[in-house]
Amino acid sequence: MNEASKVPSRIASILINALKGGVVPRVGLEYITVGRAQEIATILHDIDMIEDGGASFRFIVGKYGSGKSFLLQTIRNYATAKGFAVVDADLSPERRFAGTKGQGLATYKELIKNLSTKSKPDGGALPLVLEKWISGVQASVKAGTSASGGEFDDLVERQIYAVAGSLEGMINGFEFAKAVVAYWKAYQQDDAAMKSSVLKWFRGEYPTRKEAKDELGINFIVNDETWYDFLKIFASFLVGAGYKGMLVVIDELVNIFKIPNSITRANNYEKILTMYNDVLQGKASHIGFLMGGTPQCIEDRYKGVFSYEALRSRLAEGHFATASLKDMSAPIIRLQMLSQEEMYILVEKLQNIHAQLYNYSPFLTHDELVYFLTVEYNRVGAGTHITPREIIRDFIELVGILHQNPQESVSGVLSGNSFELAKAGLSDEEIHSEFKEFEV
């Protein structure tokens, strides 16, 4: 690995440990991204459109381990680097779009908790966003006047009220604007307790309207019915604070599919329909939605997204798209498995990162890497069930074993355990013929 592509040790450690555990790392994805050029280009075009004041909505659909969550995290990292604010959440039985026990509000809380920006990429960026907004207003006023002291503060406050007033025309915008002004006053007076209370309100953590009114004078709280409207207001506010827009990343849609009650499922799909319609009808701006799910949780006509006819009629593909001829402007982006050539590039990258992390020279040859992939792809059932996640996990385990046991060989490890079953029936000639696919 040359100096230009050298991975920082902290990032290398996160990458190897996360991938070995079967989870997607939140950092360093640019070092191991392969393939997906068409899908990434499509979503990056959406991001440019959001920056220009538009909105977008995409479903990212792929089977477990296909790289769906990896793609979502890659886009998330790109968006924050470009100056967007990103909120993300995984759905669960406790976090949905709608529910009778506050599940919609729970999703909102998770999203705001995970608010990320370029300078705070790991979440928790809400205080930073508000401080940046105030600093931006002050800088703007300072550039246009020579006033100082109380006169300067008055001009800043007037500008803040003007920004707040621009939000009041949106649904629930008046209450949002009051909270913005309350935060400004707490900032001006260095009132830490009041700032904390306003942040608590923005995060949706007040249990009752009475508590919010007593502490903030705002007779309103975010709830299951209003949380989506608040996301739209946040998007407009973030643009005023100097960000390019908001990207909302929601994974594990399968948790809606798993809801046993058909009415509750329908309520969740209706919320998705509201978001989708807002984007298509121009009722949302500077906001984009990426939702990840499995093919079944989208296409199942009894419990999936397509069970809700209003969504199925909008999302179903036409008659001409095929696996090889995809319409990338469609709302559903379907992920195909990485090709064997792309997987070869990926395991080569992983070997280099592992070697760098543990300070040794990569020792697996081209033929040995191909031999590993040949064995993986010839497992029983691999044609329909093998996923990049499994191959990556197996490969990291393999290089770990070989590094710790230098007396062992690749063929020795692969023939000494369950891999032997995978390559049963393959002659040396057949394995050699597989090598040719990777020859450069």
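Q: How do the residues of the lining of the second largest cavity divide into nonpolar, polar and charged?

A: The model is a predicted one. In the second largest cavity, the lining has six nonpolar residues, two polar and one charged. The space inside amounts to about 30 Å³. Its lining is made of I43, D46, I47, I50, S56, L247, G288, F289 and L290.

Q: Which elements each supply at least two residues of the lining of the second largest cavity?

A: They are α2 (37-51) and β4 (287-293). Helix α2 provides the largest share, namely four residues.

Q: How many cavities of 30 Å³ or more are counted, and what volume has the largest cavity?

A: The general idea comes first. The largest cavity has a volume of about 340 Å³.

Q: Which residues lie nearest the centre of the largest cavity, and what classes make up its lining?

A: The lining comprises 25 residues, and S66, G67, F70, P388 and I392 are the ones nearest the centre. By class, 14 residues of this lining are nonpolar, seven are polar and four are charged. Helices α3 and α18 (388-404) each contribute at least two residues to the lining of the largest cavity. The most comes from α3, with five.

Q: What can be said of the largest pocket, its space and its lining?

A: The largest pocket holds about 340 Å³ of space. It is lined by 18 residues, with V24, S69, Q73, D90 and D251 nearest its centre. The lining of this pocket divides into nine charged, five nonpolar and four polar residues.

Q: Which elements each supply at least two residues of the lining of the largest pocket?

A: These are α3 (68-81), β2 (85-90) and β3 (246-251). Here the largest share is that of α3, with four residues.

Q: In what order do the strands of the open sheet lie, and what is their pairing?

A: In general, the strands of a sheet pair through backbone hydrogen bonds, in a parallel or an antiparallel manner. In this model five strands form an open sheet with parallel pairing, in the order β2-β3-β4-β1-β5. Strands β2 and β5 (332-334) are the edges, each pairing on one side only. From one strand to the next, the twist averages 15 degrees.

Q: How many bridges join β1 to β5?

A: Strand β1 (residues 55-61) is joined to β5 by three bridges, and the two run parallel.

Q: Which strands do α2 and α3 lie across?

A: Helix α2 lies across β1, β3, β4 and β5, and runs at about 160 degrees to β1. Helix α3 lies across β1, β2, β3 and β4, and runs at about 165 degrees to β3.

Q: At what angle do the axes of α15 and α18 cross?

A: Two packed helices are described by the angle and the distance between their axes. The axes of α15 (residues 340-357) and α18 cross at roughly 35 degrees and come within 10 Å. This crossing of α15 and α18 is right-handed.

Q: Which residues of α15 and α18 meet?

A: From α15 come M343, L346, V347, L350, Q351 and H354, which meet P388, I391, I392, F395, V399, G400 and H403 of α18. By class, the contact has nine nonpolar and four polar residues, and no charged ones.

Notes. Residues are numbered from 1 along each chain as its sequence is written. This is a predicted model: local features need pLDDT of at least 70, side-chain atom pairs count only at pLDDT 80 or more; totals for chains, interfaces and linings use all residues. Side-chain values use heavy atoms; hydrogens and water are left out. On a 1 Å grid over the protein atoms alone, a cavity is a set of points where a 1.4 Å probe fits but cannot get out, and a pocket is an open set with protein on both sides within 12 Å along at least five of seven lines; lining residues have an atom within 4 Å of a point. Grid points are joined across faces, edges and corners, and a volume is the space filled by probe spheres set on the points. Ala, Val, Leu, Ile, Met, Phe, Trp, Tyr, Cys and Pro count as nonpolar, Asp, Glu, Lys and Arg as charged, and the others, Gly among them, as polar. Axes are lines fitted to C-alpha atoms, for helices over the stretch in contact, and angles run from 0 to 180 degrees between N-to-C directions. A crossing is left-handed if the near helix is turned anticlockwise from the far one by less than a right angle, and right-handed if clockwise. Contact means heavy atoms within 4.5 Å. Two strands pair if DSSP finds at least two bridges between them.
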